[in-house]
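Here are my notes for your first look through this one. Keep the picture open while you read, and take the points in order.

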Amino acid sequence: TDADVEDLCESFQQGPATWLTQWNFPGAATPLLSRPSPTDETREADIEGKKATMVKAMADAGFEPTDETLKTRFPGWRRRVEGDVQPTATKIAPIDGAPSAPAFAEAQAAAPDAIEAFTGDMDWEPVMKPLIDQIRELILKAPDLQAAADQIGALLAGSGGADLVELAAKALFEARLAGLTGGEIAPGQG
């Protein structure tokens, strides 16, 4: 409740906030601590809605607010002056020869890089497919995802995980060797 929030803020301000402030900055004023509650925000939104209803009712009755009333009730707003240009959305005509749909990077064929060429030649499927199948089966049989997550580590500690570690180690060794020697890994060497 709001009273509890006020009590907590006041208690913290008189205790730890004061002690820490005096310890780190002797003689400094203790900062004020307050926490707005959702009910305050709801109440303010309700008040703003009632203000808008009142202003509309007054305008419908033929009344117009003075500049001073507008400044006090709606600070930060100003009345639109005749001749002010309001921004409007304009439709841009298509350029002749331009594609009608946007062209995204995925649609363009990218130049192959060394890593893609190297890992693409490695045969990952015999290692990954059994692991993926085991993980799917584990998730389907587990009572919840947390139980499945707890068992995945044991699954990877088995022979399937060892095969994956061996293949990754081989790939890293060959890539490091190629980097140290300044050579390139030719397709088919993985």
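1. Accessible areas here come from the Shrake-Rupley method with a 1.4 Å probe, and for residues only the protein chains shown count as cover. On that basis the chain exposes about 16,200 Å², and carbon and sulfur atoms supply 61% of that area.

2. Some ground rules before you go on. This is a predicted model, in which local features need pLDDT of at least 70, side-chain atom pairs count only at pLDDT 80 or more, and totals for chains, interfaces and linings use all residues. Residues are numbered from 1 along each chain as its sequence is written, and side-chain values use heavy atoms, with hydrogens and water left out.

3. What is the chain built from? It has seven helices and zero strands, where helices (H or I, at least four residues) and strands (E, at least two) are DSSP runs numbered from the N terminus. Along the sequence the pattern reads α-α-α-α-α-α-α.

4. Of the 190 residues in the chain, 11% are buried; buried means under 20% relative accessible area, exposed means over 50%, and partly exposed is in between (1.4 Å probe, protein chains only). Take contacts (heavy atoms within 4.5 Å) with a separation of 6 or more: residues 24 or more positions apart account for 44% of them.

5. How many salt bridges does a search of the whole structure find? Five, counting a side-chain nitrogen of Lys or Arg within 4 Å of a carboxyl oxygen of Asp or Glu. The general idea is that side chains of opposite charge can pair when their charged atoms come close.

6. Two of these to find are in helix 2. Asp-46 pairs with Lys-50, their closest N and O atoms being 3.5 Å apart, and Lys-56 pairs with Asp-60 at 3.2 Å. Asp-46 and Lys-50 sit four residues apart, about one turn of the helix, and the spacing of Lys-56 and Asp-60 is also four residues. An α-helix has 3.6 residues a turn, so residues three or four places apart point the same way. Asp-46 is partly exposed at 42%, Lys-50 is exposed at 54%, and both Lys-56 and Asp-60 are exposed.

7. Now jump to helix 5 (residues 125-141), where Lys-141 and Glu-137 are four residues apart, about one helical turn. Their side chains meet in a salt bridge of 2.9 Å, N to O. Lys-141 is exposed, with 66% relative accessible area, while Glu-137 is partly exposed at 43%.

8. Go back to helix 2 (residues 38-60) and look for Met-58. Together with Met-54, Val-55 and Phe-63, Met-58 forms a nonpolar patch on the surface, with about 350 Å² of accessible area in total. Patches are made of residues with over 30% relative accessible area and no salt bridge; like charges are joined within 9 Å, and nonpolar side chains (Val, Leu, Ile, Met, Phe, Trp, Tyr) within 5 Å. Met-58 itself is partly exposed, at 40%.

9. Finish with helix 6. Which residues of helix 6 are buried? They are Ala-147, Ala-148 and Leu-155. These cover an arc of only 90 degrees around the axis, so they lie on the same side of helix 6; the arc is that of the directions from the helix axis to the C-beta atoms. On the other side, Gln-146 and Asp-150 are exposed. What covers the buried residues includes helix 5 and helix 7 (159-181).
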